[in-house]
Amino acid sequence: MPKAFFIDTTKCTACRGCQVGCKEWKDLPAVPTKQTGTHQNPPDLNPYNLKLVRFSEHMDKNGVVSWYFFPDQCRHCLEAPCKQASSVEGAILQDAASGAVIYTEKTAQEDFEIIRGACPYNIPRLDPQTKRIVKCDMCIDRVKANLLPMCVKSCAMGAMSFGERADMLKMAADRLAVIKKKFPKAQLCNPDDVAVIYLVADDPKKYHEFAVALGPQPMTRQQLLAGAFEPLRRMARAMQQG
């Protein structure tokens with residue numbers, strides 16, 4: 001059965017345990033950072049931070065400040081636009097058992113701008129060293145060993161849950177009913193389309209520009225042409241190698 005995450009942002013305290021746990025499990029290198037006046041650090045997802053707790057604050061008309069925390073990651077879309085945009089066979093796969101969208105070493109042959117442009121959540125990043133396109137892989141090694149993804153395992157506040165998709169959808173719906181009593185604007189973010197289901201207590205745009213998807217990012221003319229000519233480029237590379 002397909003798996004899913006349920007992330008209840010009303011329980012998140014931005015401790016960044018999930019962010020650190022992900023980085024340590026995958027043995028990703030350190031990224032130089034500096035204080036930029038926000039709790040969010042590093043400033044954005046990058047090839048070595050596949051999970052990032054986003055932080056934003058908003059002041060209402062009465063001068064009351066609210067903090068919003070959003071543990072950002074790949075949503076593992078049920079019908080992944082990035083996979084549909086892929087032009088390299090075997091570069092982007094979807095695990096049949098879990099539903100995890102997996103980027104392989106063959107993504108180094110992809111046009112990065114096309115793959116990133118297809119993602120409605122602005123997730124894929126390019127590793128400058130390996131030239132691979134990278135993102136969260138649902139800790140597929142742990143999931144196949146019947147272990148929780150490391151971000152879920154590391155969440156001390158119980159904000160993150162993982163299990164069968166049907167169970168996570170029910171948990172999300174039950175929790176939403178409770179939260180709506182205090183926060184009428186509460187909602188689930190794209191629950192019918194993704195395997196990472198967020199509950200937010202306010203307008204999703206207050207949490208993150210890409211908290212919800214309004215559809216794939218429009219491709220530029222250059223990106224469209226690049227995709228159209230990719231089969232010819234692959235043929236040319238094959239001829240050179242063979």
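## Close-up views of a predicted model

**View 1. Strands E2 and E3 form a hairpin with five residues between them.** Look for Gly-63 in the turn, where phi is positive, at about 85°. This is a predicted model, as are all the views that follow.

**View 2. Four strands make up an open sheet with mixed pairing.** Reading across the sheet, the order is E8-E1-E10-E9. Strand E8 (160–164) and strand E9 (187–189) stand at the edges, and each has a single partner strand, so one side of each has no neighbour in the sheet. On average, neighbouring strands of this sheet are turned by 25° against each other, direction ignored.

**View 3. Strands E1 and E10 run parallel.** Here we step in on one pair from the sheet. Strand E1 spans residues 3–8 and strand E10 spans residues 196–200, with four bridges joining them. A handy landmark is Phe-5, whose bridge partner in E10 is Val-196.

**View 4. A salt bridge joins Arg-175 to Asp-8.** The closest N and O atoms of this pair are 2.6 Å apart. Arg-175 belongs to helix H6 (residues 165–179) and Asp-8 to strand E1, so the pair ties together parts that lie 167 residues apart in sequence. Are the two partners buried or exposed? Asp-8 is buried, with a relative accessible area of 2%, while Arg-175 counts as partly exposed at 24% relative accessibility.

**View 5. Arg-54 and Asp-44 form a salt bridge.** Their closest N and O atoms are 2.7 Å apart. This pair links distant parts of the chain, ten residues apart: Arg-54 sits in strand E2, and Asp-44 in the loop between helix H1 (17–25) and E2. Arg-54 counts as buried at 8% relative accessibility, whereas Asp-44 is partly exposed, with a relative accessible area of 30%.

**View 6. Within helix H6, Asp-174 and Lys-170 are four residues apart.** That spacing is about one turn of the helix. The two residues form a salt bridge, and the closest N and O atoms are 2.8 Å apart. Lys-170 counts as exposed at 51% relative accessibility, and Asp-174 is partly exposed, with a relative accessible area of 40%.

**View 7. Stepping back, the protein has seven helices and ten strands.** How many salt bridges does the structure hold? There are ten, among them the pairs of Arg-175 with Asp-8, Arg-54 with Asp-44 and Asp-174 with Lys-170. Of the 242 residues of the protein, 48% count as buried. Among contacts with a separation of 6 or more, 59% come from residues 24 or more positions apart. The protein exposes about 12,900 Å², and carbon and sulfur atoms supply 56% of that area.

Note on methods. Residues are numbered from 1 along each chain as its sequence is written. This is a predicted model: local features need pLDDT of at least 70, side-chain atom pairs count only at pLDDT 80 or more; totals for chains, interfaces and linings use all residues. Side-chain values use heavy atoms; hydrogens and water are left out. Two strands pair if DSSP finds at least two bridges between them. Helices (H or I, at least four residues) and strands (E, at least two) are DSSP runs, numbered from the N terminus. Axes are lines fitted to C-alpha atoms, for helices over the stretch in contact, and angles run from 0 to 180 degrees between N-to-C directions. A salt bridge is a side-chain nitrogen of Lys or Arg within 4 Å of a carboxyl oxygen of Asp or Glu. Buried means under 20% relative accessible area, exposed over 50%, partly exposed in between (1.4 Å probe, protein chains only). Contact means heavy atoms within 4.5 Å. Accessible areas come from the Shrake-Rupley method with a 1.4 Å probe; for residues, only the protein chains shown count as cover.
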